[in-house]
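The sequence and structure come first.

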Amino acid sequence: MNEPRHGGAEPDVAASPLIRMRDIRKVYDTGKIQVEALRDVALDVASGEFLAVVGPSGSGKSTLMNLIGCLDTPTAGSYELRGESVAGMNRAQLAEIRNRRIGFVFQSFNLIPQISTYENVEMPLLFGRVARRRRRERVEEVLARVGLADRMEHKPTELSGGQMQRAAIARALAMRPDILLADEPTGNLDSTSGGDIMDLFAQLWEQGHTMIVITHDTALSRRTSRRIELHDGRITSDLRNGA
Amino acid sequence: MTVRPWIVFQLFLRSSRVQKKRAILTVAAIAWGSLSLVLLLAFGEGLKRQLTRAQAGMGRDIAVLWPGETTMPWQGLPAGRPVRPRLEDVELVASRVEHLAGALGEMTDYRAPVTYGRKTVNVRLTGVSLPYGELRNHMARDGGRFFNVLDEGRRRRVIFLGWTLAEDLFGDEDPVGRTLLVANVPYLVVGVLVEKLQMGAYGGPDEDHAVIPITTFKTQFGRERLSNLVVGADGPEHMPQVLREVREVLAAKYGFDPEDERALPTWDTVESSAIMQNMLLGIQLFLGIIGGLTLFAGGIGVANIMYAVVKERTREIGVKMALGARSSWITGPLILEGLTYTLMGGALGLIMATGLIALLDALPTGGNEALEFLGKPTLSLPIALATAAILGLIGLLAAYFPARRAALVDPAETLRYE
């Protein structure tokens, strides 16, 4: 009866950051040469932040993104996601974490072309073993949120670029993840569609989502609450936008 | 980790499809392999059934004993004495030996002149005791009969003909009821042997010989000694015991060592049919291996297409992993896909094989002996089960290795380069 309820309202959870990275080092061993993609990275991200990660190519942005998204594990250092240490997890546990806590948005959308938008969005719910009726509710809900309620039965190939990215965002939101992780979400879009996606991101942030975006797009990074810059695998600046 | 078939199945339905042409070629390769396998096994089965039938043509579970000569001294008697059983020994054996289905004596004249009308031929003529009809599978054609107790008891001059001999002597005429001459003595034809496949024979095939009651033979030709003694066991498993007892009984009477094989040389058809059954099993295994290898080539086709699928879908697999798919949800649908190609091809091959076998069955063998002995390809439940098992195994293997490669896809790696 008196067990503490878990959730964002719990004071101790709110006090500790959503993401807590310390002394993160990532080395790619290609056999002949070792590439140090990240060195001594420390990063805290609180719940509700809208973080932009910028930097030239090869600076380690994608590596950082993969680590945060639990697609990869660091060579050294500690990473806690909601107080849970990720470093020592096996593949199945990482899959579980990705499914429940992370929503991915990719530059090239990565929708599966042969199945409908509805089925694409349903995919993570299937992996999360959500019951059939709940799946239907969730898919309809998130598709409505991104403005694609009337495109459910269309295949991705029948959608415009902006619509495809919206579908991908809906897919990322379906499991109600802790973090929305986006890699150049506007990179493949024209400026109008890109603008729409930025508006959608801003809207989601206002609704309370925690968002991390890797971007070259200054228009997008200007609308975030915080901006970190990477150079040669190190965080060289960490600015909070005055918005 | 629990496997959830339903999720696997749904994912299978939702994964992207392979190019049609490639899928069709793969399915065709499997169909061809299954067709070869099933046909080869069916030919093996047909051959086996036909040979088994042919072997039974001479009679089932019988052994034939000949007069011989001792090769071992026995109780003061030297080696090299002839052993020649007599007609009364048939009674002796029948009364002393257990598990006997029957015992019979034979006396043979290899060149008995048989005359009908103006035609005389030299015939292998055998005097036989009554159980001959049963033990040696001498069934009469419709309209005729084999000998009975009266024929034997009264030493009637009745004769039973092999079908080739009957045709040779009588042509299109029905021999039953006609009278012919055996060494100038008239005999009544009571029956003609129904045509049968016969593989084993001693003296010659049954189709061109003639048999008369052994009592009649003894009377006309004045013979006392048997040319052969034939015994039947009431089950193949009893044959060794039957033969041992027969030897003991006759050894006691004629004074020879029961262990002396040459005193009474024996042809045990149970033993030789066991050897042939093993040979046939070997042939079937051989055919099965050839068919299996053909099918295996089809399986390599499936593995090939599945490797290509994994390669093509690497990104899709990476995305699914990023969305939280576990390894089994990546491998499961792939294995299902490989199995689907295999089983589709297998079903197709089986349908074609069934059609071909039905077609071959409808073709006449036209009295061709080779074709008759090759028999008709026959499908049987074991063949169907073996084919299904081999197909399933090949499908699983062909899909497992590509699927395992898919499970090792590194999502970070595949998603890195946009």
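What percentage of the 418 residues in chain B do buried residues make up? Buried residues make up 40% of them, where buried means 20 or more other C-beta atoms within 10 Å of a residue's own, exposed means 12 or fewer, partly exposed lies in between, and C-beta atoms are placed from the backbone.

The model is predicted: local features need pLDDT of at least 70 and side-chain atom pairs count only at pLDDT 80 or more, while totals for chains, interfaces and linings use all residues. Residues are numbered from 1 along each chain as its sequence is written, and chains are lettered from A and ligands numbered from 1 in the order in which they are written.

**The chains**

Helices (H or I, at least four residues) and strands (E, at least two) are DSSP runs, numbered from the N terminus. Chain B has 14 helices and 11 strands. Its radius of gyration is 33 Å, well over the 22 Å that the globule rule gives for 418 residues, so chain B is more spread out than a compact globule. The radius is taken over C-alpha atoms, and the rule is 2.2 Å times the number of residues to the power 0.38. Chain A has 8 helices and 10 strands. The radius of gyration of chain A is 18 Å, close to the 18 Å from the globule rule for 243 residues, so this chain is as compact as a globular protein of that length. In chain A, 46% of the 243 residues count as buried.

| Chain | Box of C-alpha atoms along the principal axes |
|---|---|
| Chain A | roughly 55 × 45 × 45 Å |
| Chain B | roughly 105 × 60 × 30 Å |

Two residues are in contact if their C-beta atoms, placed from the backbone, lie within 7 Å. Of the contacts in chain B with a separation of 6 or more, 82% are between residues 24 or more positions apart. In chain A, 69% of contacts between residues at least 6 apart in sequence join residues at least 24 apart.

**Contact between the chains**

Chain B contributes 22 residues to the contact and chain A 26 residues. On the side of chain B, the elements giving two or more residues are α1 (5–14), α10 (314–322), α11 and α14 (411–416). Of these, α10(B) gives the most, with 5 residues.

**Helix pairs**

Axes are lines fitted to C-alpha atoms, for helices over the stretch in contact, and angles run from 0 to 180 degrees between N-to-C directions. In chain B, the axes of α2 (residues 20–56) and α11 (residues 327–362) come within 7 Å and cross at roughly 45°. The two helices are therefore oblique to each other; angles under 35 degrees count as roughly parallel, over 145 as roughly antiparallel, 65 to 115 as roughly perpendicular and the rest as oblique.

In chain A, the axes of α6 (residues 161–173) and α7 (residues 191–206) come within 9 Å and cross at roughly 25°. That makes α6(A) roughly parallel to α7(A). Residues Gly161(A), Gly162(A), Gln165(A), Arg166(A) and Ile169(A) of α6(A) meet Ser193(A), Asp196(A), Ile197(A) and Leu200(A) of α7(A).

**Positive phi angles**

Most residues other than glycine have a negative phi. Asn110(A), not a glycine, has a positive phi of about 55°. Asn110(A) is in the loop between β6 (102–105) and α4 (117–127) of chain A and is buried, with 23 other C-beta atoms within 10 Å. Asp232(A) also has a positive phi, near 50°. Asp232(A) is in the loop between β9 (226–231) and β10 (234–240) of chain A and counts as partly exposed, with 14 C-beta neighbours inside 10 Å.
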